[in-house]
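Biologist: Hi! I'm new to this one, could you walk me through it?
Modeller: Happy to, let's bring it up.

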Amino acid sequence: MTATEIREKRTPLYKKIWRLFWVGTIGFILLLAAYFLYLTTTVPSFQSLENPKSEVASEIISGDGEVLGLFFTENRLPATYNDLPEHLVDALVSTEDERFYNHTGIDFRALARVVVKTVLGGDASAGGGSTITQQLAKLLYDRPNFNNKNKLQRVGVIANTKFKEWITAVKLEKRYTKNEILTMYLNEFNFIHGAYGIRSASDIYFSKSLDSLSLEEGAMLVGMLKNPALYNPIRFPERAKDRRNVVLYQMKRNGKLSQAEYDRLKVLPVDTKRFKRADHNEGPAPYFREHVRQEVRNLLKQPEYLKADGTAYDVHKDGLKIYTTIDSRVQRYAEESVYEHFKKEQKVFFKHWKGKDPWTYRARNVTNREIELREKSFENLLRNTERYKILASEYLPKTIEVGLKDYEIERMFKEEKEPGHLAELNKKKLLSDKNLKRYRKMMKSKDWEEVKKEYSALLKAVKKDFSTKVKMKVFAYNEKGYVDTLMSPLDSLRYHRMHMQTGLMAVNPKNGHVKAWVGGVNYKYFKYDHVNINSRRQVGSTFKPFLYALSIQMRGYSPCFKVMDQPVTFHKGSFGLTKDYSPKNVGKHTYENKTLVEGLQSSINSVSAYLLKDIGNTNELRSFVYNLGIDTAQTNPNDPYSKRVPDQPSIALGAADLSVYEMAGAYTAFANNGVYSKPIYLTRIEDKNGNVIYENISRQKQVMSEQSNYAMLHLLKAVVGNRLGIKSEIGGKTGTTNYQTDAWFIGVTPELVVGTWVGGDDRWIRFRSMYGQGSKMARPIVGKLFKKLEADDSGVYNHKTRFKVPKGQSRIELDCSTYDSMGAYDDIDFENPGFNPEDSTSAPIPDGDFDPFDTGFDAG
């Protein structure tokens, strides 16, 4: 065949191949177009780009504008472009994307370099090809999942992800300015150690705000962008230094740094001395912050505060701004005062108990039952430890399977030793009929022997484990807040439980704004908040000013009014008593006339008893303190003796369990012309865009006349005198309960009311002498606080402010020499005493439309 014939024969085949080629090419192009079209539907929309799902920390802000702390799952606080130092932007662009301002999301020159030098040439140091915009796009996607994928599939996943990042990068460039992209990238990046975003990184690594960041510090953070784990300055300081110097070199190379600056900075070590981990236990006002966190979470679940889509705001993720009344300076001084006081007194307390055990110590009238309850309390403390729970889960598989708890097994153990024990518990309503049947059924079952074996094994393991000394950190009054020691877990429990605790709240009496909140001596080791309204302890003599104030208000008594110090008996049938009741003084009766000033100064119980008997019932007093914000409710509807403020004559001596929050709030009336100011600590909550979600306002009520209140102030000032050695005009009252279990002091000045309680978390953790009284344990803390405030010239506190003197002439004489010359009762109108003792419903204080103990959130 000729060449021509061969060509003619093959022409149809060539045409077919050519057609197939073009069909394939067009098909591939269409397929590729369809693929890219599909990718565009899977990349983030403009709306989602503008509202990334990044978790943003919420800030809790003090009344003086300081950030007290953050609530977060990711510790991220967004920065704006204006927040970024110029050298930080220069470092980022010089190192990560030199042509950032010239490309539109993808740098094709950089891609070509990667292909030629890295892929073909094998040069790993040639650099990457991703732009800052692409790196931001990468942060907006979850990491690819390579589980159960072969090599080819993994390549496909990587290619798919890269294409999506490219498309997203182009979308970002179209939607945002270059400055916005830079800012978004730095806000999204995780710098590890709980530092999400550049603002948190600056704070955690250097304890600085962004605008205070030095050039070399900024360069170190930019260096971490390549690989934060690899260039972690805490674990690998030399490696981080080398990477930082690469950033400095790039800045020099791009004309952002001179040779001299580069030579000076590159030799500096990486400074990690100010590094601090993100920790909710650290920082100012930790007890207050935790209280606010819980309250805000509950508040934001209420229908009126939900988001537009009907879901609740998340205090840990939604970037809220929570504005409070706390003053960071007052808070700092309060915490310092508590620390300084207990650093000294805790040593005294340990020495006081040396060689003795508070759990077994027998004071007078201590019964065997009380010792048993103490031991039981310690057992419960042990069972609540993580160490015990781990052991229980290991040793009690059958017990857990059958749904029994350890205390239930103990009950059944005791029933075996003492038949009838369960029936006795049931009779005393300490065990339900249902559980009684369940226990008896279990003890007859085939599982009971196995359960007993397990529990016996657990007890042996617990005894051994908790008695073995191990290395641990325990709380200490030093700079670190702890010491490393060798101690058994059992001794550690006792050691920490033996620490004296406190609750302190300072409030502005004019508006109820809480200025300081110290819930304990150290939040890391002692989480229980002793200021919280649910933390109630017996108040003792700090309650007496309410009784005195009511007597002055109702009777018009002068502070110079005299009462005979002699036994006072409340007879059976009066005040709901079933037998006679005669309260005793701490010391002996003097059988002398005592003025109200002397009665309150010395906390003479017979004077208080006289005043209550003179009023004629407890309802007037309970109504009075209710109007001062104190909860008087009956906690158990079936128990008439469960009222928070008892309707028994013992209330004259302060036999009520109340909180620091309530007591400090109630005393605001004395410092504010008889006007009670309801304590508040939360003023406003905003979302991350500045929209107001919640606002709170001060609420007040006139409880006493100005003249009656001023007379009461005269008493309170006389009680304190010059004992604190401060410049402020101050009044107040200490309180000490039986056996020095609780020590109190409430101090009032024109600008600040400070309530303080001191005691042990267990009531037998106490001083066994009068060293534990309120004047020694609680009052010095308040004195220290006021001295610190008076020394501060920032304007946080003015010690020159004086209590307001009521206008006009008062019918209540304050000068006792003048009072005595007038005749003891010249100023008392017995014909119109202002109350009817026979009418138990009389309320001398008008109720108005304000509920002083509203259970709404703004009550605090």
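Biologist: Let me start with a strand pair: in which sense do β6 and β7 pair, and over how many bridges?
Modeller: They pair in the antiparallel sense, over 4 bridges, and β6 covers residues 501-507. Just keep in mind that this is a predicted model.

Biologist: Noted! Which residue in β7 stands opposite Met-505?
Modeller: That would be Trp-517.

Biologist: And what sheet do β7 and β6 belong to?
Modeller: An open sheet of 5 strands, with the order β7-β6-β18-β17-β16 and antiparallel pairing. At its edges stand β7 (514-518) and β16 (731-736); each has a single partner strand, so one side of each has no neighbour in the sheet. From one strand to the next, the twist averages 5°.

Biologist: Nice. Which strands does helix α13 touch there?
Modeller: Helix α13, residues 328-352, packs on the sheet and touches β6, β7 and β18 (753-759). The helix direction makes about 30° with that of β7.

Biologist: Switching topic: what is the strand order in the sheet that holds β13?
Modeller: That open sheet has 5 strands too, ordered β2-β1-β3-β13-β14, and its pairing is mixed.

Biologist: Why is one side of β2 and of β14 left without a neighbour?
Modeller: Because β2 (67-71) and β14 (692-695) are at the edges of the sheet, where each has a single partner strand.

Biologist: How do β3 and β13 pair?
Modeller: Strand β3 (residues 321-324) pairs with strand β13 (residues 682-686) in the antiparallel sense, over 4 bridges. Tyr-323 is found opposite Arg-684 in β13.

Biologist: Which strands does helix α12 lie across?
Modeller: Helix α12, residues 286-299, lies across β1 (58-61), β2, β3, β13 and β14. Its run is at about 55° to β2.

Biologist: One more change of topic. How many cavities of 30 Å³ or more are there?
Modeller: The count comes to 1 cavity of 30 Å³ or more. The space in the largest cavity is about 30 Å³.

Biologist: Which residues line the largest cavity?
Modeller: The lining is made of Asn-673, Glu-706, Asn-709, Tyr-710, Leu-713, Lys-804 and Pro-806.

Biologist: And how many of those in the lining are nonpolar, polar or charged?
Modeller: The lining of the largest cavity divides into 3 nonpolar, 2 polar and 2 charged residues.

Biologist: Great, thanks for the tour!

Notes:
Residues numbered from 1 in each chain as written. Predicted model: local features only at pLDDT ≥ 70, side-chain atom pairs only at ≥ 80, totals over all residues. Heavy atoms only, no water. 1 Å grid on protein atoms, 1.4 Å probe; cavity = no way out; pocket = protein on both sides within 12 Å on 5 of 7 lines; lining within 4 Å. Points joined across faces, edges and corners; volume = space filled by probe spheres on them. Nonpolar A, V, L, I, M, F, W, Y, C, P; charged D, E, K, R; others polar. Pairing = 2+ DSSP bridges. Helix = DSSP H or I, 4+ residues; strand = E, 2+ residues; numbered from the N terminus. Axes fitted to C-alpha atoms, helices over the stretch in contact; angles between N-to-C directions. Contact = heavy atoms within 4.5 Å.
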